[in-house]
Amino acid sequence: MQAGKKCHRCLYCLPAWYFRADRQGIVILFAAALTGGSVALHLLPAIPNGSWIALSVLGLLALSLPVLRIPAGLLLGLSLAGAQAQSWLDRAVPPEMTGTEVTVIGVVAELPDHSPRRTRIILHLTEIIDAPPEFQAERLRVTVFPAAPWLEAGDRVRARLRLRPPRGLHNPGGFDFAAWLYRERIHGLASLRGELEGVERSGQRTVPVASLHRVRANIRDAMRAAHPDARHPGVMEALVIGERGGMQAEEWRLFLHSGTNHLMAISGLHVGLVAGFALLLARLSWRHQRLLRRGVPLRWFGALAAIGAAAVYAALAGFSIPTQRALVMLILFSTAVLARRDPLSWQVYAAAVVAVVALWPASVLAPGFWFSFGAVSVILLLLQGRVSRPGVAGWLRIQVILAVALLPLSLAWFQLGSWVAPIANLVAVPVVSFLVLPFLLAGAALAVIWTPLGAPLLWWADAWLALLLRVLAVLVEWPAAVSETAVPVGAAVLAGIGLLLMLLPRSRQLAPWILLACVPLLLPPAPRLAHGDFRAEMLDVGQGLAVVVQTRRHVLVYDAGPAWEGGFDSGEAVVLPALRRLGVRAVDRVVVSHEHMDHRGGVAAVVSALPVAEVLSRRGALHDDERPCEAGLSWEWDGVVFETLHPPPYWEDGNIASCVLAVRGPHGRLLLTGDVEGLGETVLVHTAGARLDTDVLLVPHHGASGVLERGLLEAATPGIAWVSSGFDNRFSHPAPDVRARVGNQCVPLFDTRERGMVWLETTAEGIRLGPGSRVERRRFWHPAVARAPSLPAACPPFDSSRLLRGSGRATGVE
């Protein structure tokens with residue numbers, strides 16, 4: 001626009017105004033501050049009382065002053081995240097409503113997750129028929145037993161539900177299910193009571209989101225009908241509609257271990273490809289349509305076509321958080337192009353961060369947020385100072401560098417790093433981008449129109465996916481192809497800084513410093529336990545048991561929690577992440593107390609993932625490479641003595657014949673009792689005698705009614721009691737009589753269902769005790785837990801100073 005003239009094309013001038021050169025740096029600083037404010041809020045154990053609206057207004061007022069822009073960003077980040085968090089907390093099912101039954105009418109809001117045993121749905125409540133006034137939830141994750149395969153997205157149902165608060169297992173380094181529920185705006189859990197009533201199809205008082213998911217379901221069904229013999233239907237559905245529930249475990253393992261799992265999450269790469277194809281078609285159409293050439297500038301027509309196609313693809317993916325983030329970035333990218341500014345600039349990058357954090361403050365909890373913006377920052381560093389854009393070879397080089405640059409973040413967040421990721425991405429990215437995704441999208445669209453039309457294209461894409469997975473299978477079998485171990489956050493940050501320095505101009509001058517920064521990432525952790533000391537962690541596995549015991553250079557796993565066919569496996573989901581967090585690369589001995597699946601279930605996952613020198617079990621003769629676990633076994637590791645006290649030889653398997661293990665060091669003792677009860681407890685007390693004396697006692701059988709009534713508590717004389725039980729378990733463990741029995745002895749009881757993972761560590765000064773991971777690492781979406789267990793009034797108060805915060809550092813087991 002010329003000076004002195006009034007602009008009549010404000011829509012065209014707005015992008016240019018936004019990306020004026022004199023605004024450089026403002027958005028960048030503001031983005032960092034806004035993100036920092038949101039992160040800070042999500043680190044709090046409780047939401048402070050206050051008016052988030054007033055704080056937002058204060059932040060907006062401060063934003064007008066250049067000197068206060070960073071504090072303004074922090075205030076706005078805190079206020080936006082606080083408002084979202086408070087809204088969720090107001091609607092979350094409170095712990096006091098556990099077991100309460102309500103009658104509601106709702107719409108299935110997303111694609112159901114069907115398995116042979118059960119169906120899981122996200123139910124968007126539209127009407128509450130019968131519920132207490134404090135019930136304010138809008139979205140519930142409902143489990144239906146038995147499975148209801150006829151249930152589809154968009155169905156409107158009336159249901160009687162049994163409620164549970166939004167919570168899950170809690171272990172450092174493990175998956176925080178409660179955080180995921182908060183991030184997905186799910187206010188509680190529920191299970192169906194009775195039958196679903198009044199099922200109605202979409203279109204009758206439904207919600208727009210449910211209708212969108214019904215469209216996704218129709219596309220999925222059309223793809224299955226067009227190519228019923230597909231070898232990888234789950235992968236095809238993941239790429240087209242963002243639904244990974246149909247992927248086989250082996251398929252996901254290959255993508256994960258090869259470092260190409262980002263291809264299975266519809267995000268920036270996929271959305272960008274679709275936008276690119278749409279832009280190409282738009283250019284061709286514009287050049288051959290005279291009316292378009294006269295009425296709309298090419299850059300505007302191309303930008304609108306790219307954004308429209310990307311929005312449709314994001315909708316097909318269910319508008320998941322990664323696709324929303326990619327769509328926002330594409331819109332800002334297009335805005336910069338329309339403003340004739342450099343779209344690959346730090347200003348556009350910062351504006352995207354601002355938009356994502358402002359719209360979805362909880363996205364800072366998602367690893368995808370840091371991986372996607374981290375990847376873009378690497379790309380920007382690589383492109384700094386370039387006059388021309390890189391060609392195909394240049395972009396492939398960028399993909400290889402990205403795989404290396406994001407490795408520290410992957411090790412820190414997922415405890416997994418793929419050293420073959422650069423090679424795997426060099427193969428997988430072009431195959432998926434040019435030989436699979438375009439044909440899948442076209443085939444799915446044609447299959448919706450008429451089933452046979454889409455079959456050839458879907459067959460083509462499936463054939464290339466089969467070939468790609470074969471290549472990935474070869475790569476992940478290379479020696480040392482995958483590193484499955486956690487690294488300290490400090491080491492990951494240091495290595496990340498080193499890799500970023502490597503991308504800067506004249507990086508050769510910094511080579512010694514870059515190598516030095518990456519050294520902590522490669523070195524094994526140094527031993528921390530002294531000779532004669534040990535550390536024990538009782539993991540939160542729900543209604544089961546898993547304990548990890550470490551000496552200076554050895555590791556023992558006592559039970560590995562439950563695992564159910566086609567369902568949850570605590571060995572994979574809890575025990576292995578805990579071992580990786582502790583730096584364990586091999587297990588010296590696994591002790592299986594007895595054969596019940598809530599104790600043995602996770603053992604198979606541990607044995608298949610890590611080298612295990614020996615397994616002791618109650619049915620050792622029936623399992624290959626296992627020895628019987630019975631009284632009389634004894635060994636010493638690093639000055640710590642391990643001894644099996646029960647059962648006598650020739651006992652059958654079962655609770656009463658659980659293998660009881662005593663761990664004794666110069667500075668502390670631990671007694672692990674499995675599920676021993678009844679006759680087993682009587683025999684144990686009679687035969688073991690003084691060898692039962694301990695500092696910490698594991699209460700047998702999750703605290704079932706009747707345990708500890710035959711003299712074990714009096715013989716062990718513990719100072720602390722542990723019990724492993726599941727929240728809202730159907731057995732009501734630990735039973736009131738057990739709680740009373742332990743309390744009458746003035747022994748504090750640490751329960752995993754209340755406290756999460758609990759730990760102890762012996763030192764020359766005595767035993768260090770952890771109050772539980774829910775206390776040590778509490779966030780506002782977790783329930784509040786007292787630091788120390790309560791005791792009867794007649795008991796002396798428990799010295800809570802003995803409860804110390806665990807460092808969670810590796811002990812350098814070799």
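Okay, quick definition to start: when I say disulfide, I mean a pair of cysteine sulfur atoms within 2.5 Å. Keep in mind that this is a predicted model.

With that in hand, let's look at Cys746 and Cys795. Their sulfur atoms sit 2.1 Å apart, and they form a disulfide. The angle about the S-S bond is -85°, which makes this link left-handed. So where are the two ends? Cys746 is in the loop between α26 (736-744) and β21 (749-751), while Cys795 is in the segment after α28 (773-776), so the bond ties together parts that are 49 residues apart in sequence.

Now, are these two cysteines buried or exposed? Cys746 has 31% relative accessibility, so we call it partly exposed. Cys795 comes in at 10%, and because buried means under 20%, Cys795 counts as buried.

How many disulfides does a search of the whole structure find? The answer is 2. The other bond joins Cys629 and Cys659, with 1.8 Å between the sulfur atoms. That pair links distant parts of the chain, 30 residues apart. On one side, Cys629 belongs to the loop between β14 (626-628) and β15 (634-637). On the other, Cys659 belongs to the loop between β16 (640-646) and β17 (660-665). As for accessibility, both Cys629 and Cys659 are buried.

One last thing, the pairing pattern. If you number the bonded cysteines of the protein in sequence order, you get 1-2, 3-4.

Definitions and conventions:
Residues are numbered from 1 along each chain as its sequence is written. This is a predicted model: local features need pLDDT of at least 70, side-chain atom pairs count only at pLDDT 80 or more; totals for chains, interfaces and linings use all residues. Side-chain values use heavy atoms; hydrogens and water are left out. Helices (H or I, at least four residues) and strands (E, at least two) are DSSP runs, numbered from the N terminus. Buried means under 20% relative accessible area, exposed over 50%, partly exposed in between (1.4 Å probe, protein chains only).
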